[in-house]
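Thanks for asking me to look this one over. Below are my notes as numbered points, for you to read with the model open beside them.

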Amino acid sequence: MPDLFLYTDGACSGNPGPGGWGVLMVAKDDGSILKTRELFGGEGDTTNNRMELTAAIEGLNGLERPSVVTVVTDSAYVKDGISKWMLGWKRNGWKTAAKKPVKNESLWKALDEAQARHKVTWEWVKGHAGHTENELADGLANKGMAPYKP
């Protein structure tokens, strides 16, 4: 069975402003790439965090069947939210530790639902640091944003 990776990224021109999301889906076997697929899209008025979340959601929803997958993101917000903060948010009725509503609640719920079908490992990489697949995902996010930029 191949190893599956989703390299996700979001981009925004202004924050808020026009934004895009991108996903590079990669299937590898013994380190060799078997197949890749690209997904991207955008919105006219959004935030960087919303695009980062949307990339992860779209990537997971783009898998054809329940899978064992590694999601690689340069967003500490996404990685920490899904792996550290979400349990507490759910326990607190989608409120933060400070009793404030969770920002982007609908997207967090969609991400929780999207990951539920899969066995997901979350990894963080430093953005804009020469990580090949992250740079490709960034390019896809910018491609998704392009139609919305003035």
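How are α2 and α3 oriented to each other? I come to that in point 2, after a word on conventions.

1. Ground rules. This is a predicted model, where local features need pLDDT of at least 70 and side-chain atom pairs count only at pLDDT 80 or more, while totals for chains, interfaces and linings use all residues. Residues are numbered from 1 along each chain as its sequence is written, and side-chain values use heavy atoms, with hydrogens and water left out. Helices (H or I, at least four residues) and strands (E, at least two) are DSSP runs, numbered from the N terminus.

2. The α2/α3 pair. Helix α2 (residues 76-91) and helix α3 (residues 105-116) have axes that come within 11 Å and cross at roughly 100°. Here axes are lines fitted to C-alpha atoms, for helices over the stretch in contact, and angles run from 0 to 180 degrees between N-to-C directions. So α2 and α3 are roughly perpendicular to each other. For the wording, angles of 65 to 115 degrees count as roughly perpendicular, under 35 as roughly parallel, over 145 as roughly antiparallel and the rest as oblique.

3. Who makes that contact. From α2 come Tyr77, Val78, Gly81, Ile82, Met86, Trp89 and Lys90, and from α3 Trp108, Leu111, Asp112 and Gln115. Contact means heavy atoms within 4.5 Å. Sorted by class, the contact of α2 with α3 has seven nonpolar, two polar and two charged residues. The classes are nonpolar (Ala, Val, Leu, Ile, Met, Phe, Trp, Tyr, Cys and Pro), charged (Asp, Glu, Lys and Arg) and polar (the others, Gly among them).

4. The sheet. Five strands form an open sheet in the order β3-β2-β1-β4-β5, and the pairing is mixed. Two strands pair if DSSP finds at least two bridges between them. β3 (32-46) and β5 are the edge strands, each pairing on one side only. From one strand to the next the twist averages 20°.

5. Strand β4 and its partners. Strand β1 (residues 3-12) runs parallel to β4, joined by five bridges; Leu4 has Val69 of β4 as its bridge partner, and Phe5 has Thr70. With strand β5 (residues 119-124), β4 also pairs in the parallel sense, over six bridges, and Val71 stands opposite Trp122 in β5. Five of the six residues of β4 (residues 68-73) are buried, so this strand is largely enclosed by the rest of the structure. Buried means under 20% relative accessible area, exposed over 50%, and partly exposed in between (1.4 Å probe, protein chains only).

6. Helix α1 (residues 48-61) has 14 residues and spans 20 Å from its first C-alpha to its last, close to the 20 Å expected at 1.5 Å a residue. That expected span is 1.5 Å times one less than the number of residues. Buried residues of α1 include Met51, Leu53, Ile57 and Leu60. α1 packs on the sheet, touching β1, β2 (17-29), β3, β4 and β5, and its direction makes about 155° with that of β1. Helix α4 (residues 132-145) lies across β1, β2 and β3, and runs at about 140° to β2.

7. Backbone spots to check. Most residues other than glycine have a negative phi, and most peptide bonds are trans. Asn15 and Pro16 are joined by a cis peptide bond, with omega about 15°, and Pro16 sits in the loop between β1 and β2. Asp30, in the loop between β2 and β3, has a positive phi near 50°; Asp30 is exposed, at 76% relative accessible area. His128, in the loop between β5 and α4, has a positive phi of about 55° although it is not a glycine; His128 is exposed too, at 59%.

8. Which residues does Gly42 contact, leaving aside its neighbours within four places in sequence? They are Gly19, Gly20, Trp21, Gly144 and Tyr148. Gly42 belongs to strand β3, and its C-alpha lies 8.7 Å from that of Asn142, 100 residues apart in sequence. Pro147, in the segment after α4, counts as exposed at 64% relative accessibility.
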